[in-house]
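Let's take a walk through a protein model together. Have the 3D view ready, and we'll stop at a few spots along the way.

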Amino acid sequence: MASHRRPKQPSRTRVTVLTTAAAAAVAFSAQAANAAPSEKPSKDEVKSKVDALYEQAEQATEKLDGAQEKQEKLQKEISTIQDNVARGQEELNKLRDGLGTMASAQYRTGGIDPSIQLFLSSDPDTYLDKASTMDQLSAQQVEALTKIQGKQRELAQERAEASSKLKDLSATRTELKKKKDEVKTKLAAAQKLLNTLTAKEKAALDAEQAQAANRSSSRVDLGNTGSASSRAASAFAAAQSVIGSPYVYGASGPSSFDCSGLTSWAYAQAGVSIPRTSEAQANAGTRIYSQSDLKVGDLVIFYGDFHHVGLYAGNGQVLHAPHTGAVVRYEAIGNMTFEFGVRI
C-alpha cells in the first residue's frame with residue numbers, strides 16, 4: 001500500500017510573522033485610504049519658494065554672463081591670432097621664396113652652396129645651430145635664414161597659443177550651456193509653483209509687488225544725498241529712463257536687463273565702461289562699506305557672493321533689475337543683504 005503523509009504544517013514562528021505582516025499591510029492601506037490629500041501651498045509659501053528660486057537663477061545668470069563675456073573675448077583673441085598666423089605664413093613663404101631664388105642663382109653660376117642645400121633639405125629650426133656650416137654662408141644668406149627661423153618660431157608660438165585658447169573656448173562654451181540649463185531649470189520650477197496659484201492669488205501677489213515698488217519710489221530723495229559724480233548722476237539718470245523695463249537673464253539693454261546688465265548699460269550711457277558681471281563690478285572702484293556714505297549713482301553690491309547689483313538711489317533705496325517676472329524698479333536696500341557700495 002502507498003503510504004499517506006500528512007502535509008507539513010507551517011511553523012508557529014512563520015505563522016506569527018505572516019500574521020503580523022498582513023496586519024501591518026491592512027493598517028497601512030487603511031491609513032492611506034483615510035489620509036488627507038496634501039495641502040496646496042499658500043500664496044505666501046509659493047512667494048517664498050519662488051523668490052528663493054529666482055535668487056538661485058540670478059546667481060546662475062551672473063555666472064552665465066561671465067561665461068558669455070569670456071567666450072566673446074576668447075573669440076576675438078583667437079580671431080586676432082589666426083589673422084596674425086595667416087599674415088606670418090605669407091611672410092614666411094616670401095622669405096622661403098627669396099631663399100629659393102638665391103639658391104637658383106647659385107646653381108646657374110656653378111651649383112648650390114652646400115650650406116643652402118643643407119638648409120633646403122633639412123629642418124630649418126635647427127639649421128643655424130650647425131655652427132660648422134656658418135662660415136660657408138654670406139651675410140645675405142645668414143640674414144635670410146635668421147629671418148626664416150625667427151618667423152617659424154613666432155608662428156609656432158602663435159599656433160600653440162591659438163590651440164590653448166581654442167581648448168579654453170570649448171570649456172567655456174560647455175560652462176555657458178550648463179549655466180543656461182541651470183537658469184532655465186530654476187525659472188521653470190518657479191513658474192510651476194506660480195501656476196499653482198489661482199487667478200485671484202496671482203493678482204494679489206502682483207498688487208503686493210506693485211505697492212512695494214511704489215512705496216520705495218516715494219521714498220527716493222535725490223536732493224538730500226547728491227551724486228557721487230557727474231558721470232554717476234548721468235548713469236543713474238539713464239537707469240531711471242528705463243524704469244519698468246522687464247528683467248531678462250543675460251540681457252544688457254536697451255529694452256530689457258538683468259541686474260549687472262542694467263548697471264553696465266547705465267554707465268556706458270555716461271561714457272564709462274565697467275565690467276559686465278556683478279562680481280567683477282564689485283572690484284571696479286572704491287568700496288563704500290557704510291550705507292550712510294553712499295551717494296546717488298554708486299553701485300550697490302548684495303549677498304556674500306556678489307551676485308546682485310543695483311544703483312544707489314538715495315534715502316536707503318536702490319534702483320535695480322530684481323529678477324525674472326519683475327521690472328526695473330526702486331527697492332529698499334534692506335530688502336536684500338547689503339555688502340558694500342562701489343564708487344566708480
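Let's start with a word we'll need: a residue counts as buried when its relative accessible area is under 20%, and as exposed when that area is over 50%, with partly exposed in between. Keep in mind that this is a predicted model.

Now find Tyr303, in the loop between β2 (299-302) and β3 (308-314). Its backbone does something worth a look: Tyr303 has a positive phi of about 75 degrees, even though it isn't a glycine. Is Tyr303 buried or exposed? Its relative accessible area is 16%, so Tyr303 is buried.

Asn315 has a relative accessibility of 43%, so it counts as partly exposed.

Next, hop over to the loop between α7 (230-240) and α8 (259-269), where Pro254 sits. The peptide bond from Gly253 to Pro254 is cis, and its omega is near 0 degrees.

The structure holds 1 cavity of 30 Å³ or more, and the largest cavity has about 40 Å³ of space. Which helix gives the most to its lining? That's α2, with 4 residues. Both α2 (43-108) and α5 (139-194) supply at least two lining residues each. Among the residues around this cavity are Tyr54, Glu58, Leu187, Tyr249 and His323.

Terms used: Residues numbered from 1 in each chain as written. Predicted model: local features only at pLDDT ≥ 70, side-chain atom pairs only at ≥ 80, totals over all residues. Heavy atoms only, no water. 1 Å grid on protein atoms, 1.4 Å probe; cavity = no way out; pocket = protein on both sides within 12 Å on 5 of 7 lines; lining within 4 Å. Points joined across faces, edges and corners; volume = space filled by probe spheres on them. Buried < 20%, exposed > 50% of the residue type's maximum accessible area, 1.4 Å probe, protein only.
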